[in-house]
Amino acid sequence: NGGDGPFSDRRLAALQFASALAEADRAGLLTSRTALARAARLVADGQGRDGGWHVGDAPGGPTTWGDALATAMAVGVLRRAGGHADTVAKAE
């Protein structure tokens, strides 16, 4: 997506990919949950000290993810993947 410039956010990319995998799992389209588990681990690793996920500098809007949406999506992914109760609790 253009290298390591201002529009390259690996945390956001991991979260968006993991969200897609969680939805595929919810729809019964995954034959193995291994990819979801690995992606969820990447998402969990991106949690901030305050319990949230921080993406970009903007508060979010109709075309961007802000911290609140990123945190809500991350919690959904982690719940779907399972095994991240402490991380979810910290976010809540």
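Buried means under 20% relative accessible area, exposed means over 50%, and partly exposed falls in between. By that rule R33, at 37%, counts as partly exposed. The model here is predicted. The chain holds 4 helices and 0 strands. From the N terminus on, its elements run α-α-α-α.

**The chain as a whole**

- The chain has 92 residues, and 35% of them count as buried.
- Its accessible surface comes to about 5800 Å². Carbon and sulfur atoms hold 55% of that surface.
- Take the contacts in the chain with a separation of 6 or more: 52% of them join residues 24 or more positions apart.

**Helix α2**

- Helix α2 covers residues 34-45.
- The buried residues of α2 are L36, A39, A40, V43 and A44. Seen down the axis of α2, these buried residues fall within an arc of 145°, so they line one face of the helix.
- An α-helix has 3.6 residues a turn, so residues three or four places apart point the same way.
- On the other side of α2, R38, L42 and D45 are exposed.
- What do the buried residues of α2 pack against? Their partners are α1 (10-26), α3 (67-81) and α4 (85-91).

- A39 has a relative accessible area of 5%. The cut-off for buried is under 20%, so A39 is buried.
- Not counting residues up to four places away in sequence, A39 touches F17, A18 and L21.
- A39 and L15 are 24 residues apart in sequence. In space they are 7.8 Å apart, C-alpha to C-alpha.

**Helix α3**

- The 15 residues of α3 should span 21 Å at 1.5 Å a residue. Its end C-alpha atoms are 21 Å apart, which agrees.
- In α3, the buried residues are A70, T71, A74, V75, V77, L78 and A81. They cover an arc of only 165° around the axis, which puts them on the same side of α3.
- A68 and R79 are exposed on the other side of α3.
- The buried residues of α3 pack against α1, α2 and α4.
- Just after α3 comes G82, with a positive phi of about 80°.

**The largest nonpolar core**

- In soluble globular proteins, nonpolar side chains tend to be buried together.
- The largest nonpolar core has 19 residues. Which of them touch the most other members? They are V43, W53, V77 and L78.
- Helices α1, α2 and α3 each supply at least two residues of this core. The largest share, 6 residues, comes from α3.
- V43 contacts A14, L15, A18, W53, A74, V77 and L78, leaving aside its neighbours within four places in sequence.

**Salt bridges**

- Side chains of opposite charge can pair when their charged atoms come close.
- The chain has a count of 5 salt bridges.
- D25 lies in helix α1. At 11% relative accessible area, D25 is buried. Leaving aside its neighbours within four places in sequence, D25 is in contact with L30, R33, L36 and R80.
- The side chains of D25 and R33 meet in a salt bridge, at 3.2 Å from N to O.
- D45 forms a salt bridge with R41, and their closest N and O atoms are 2.9 Å apart. Both lie in helix α2, 4 residues apart, about one turn of the helix.
- D45 is exposed, with a relative accessible area of 52%. R41 is partly exposed, at 42%.
- E92 forms a salt bridge with R79, the closest N and O atoms being 2.0 Å apart. This pair links distant parts of the chain: E92 is in the segment after α4, while R79 is in helix α3, 13 residues apart.
- E92 counts as exposed at 65% relative accessibility. R79 is also exposed, at 53%.
- Salt bridges that share partners join D25, R33 and R80 into one network.

Methods: Residues are numbered from 1 along each chain as its sequence is written. This is a predicted model: local features need pLDDT of at least 70, side-chain atom pairs count only at pLDDT 80 or more; totals for chains, interfaces and linings use all residues. Side-chain values use heavy atoms; hydrogens and water are left out. Buried means under 20% relative accessible area, exposed over 50%, partly exposed in between (1.4 Å probe, protein chains only). Contact means heavy atoms within 4.5 Å. The arc is that of the directions from the helix axis to the C-beta atoms. A nonpolar core is a set of buried Ala, Val, Leu, Ile, Met, Phe, Trp, Tyr and Cys residues joined through side-chain atoms within 4.5 Å. Accessible areas come from the Shrake-Rupley method with a 1.4 Å probe; for residues, only the protein chains shown count as cover. The expected span of a helix is 1.5 Å times one less than its number of residues. A salt bridge is a side-chain nitrogen of Lys or Arg within 4 Å of a carboxyl oxygen of Asp or Glu.
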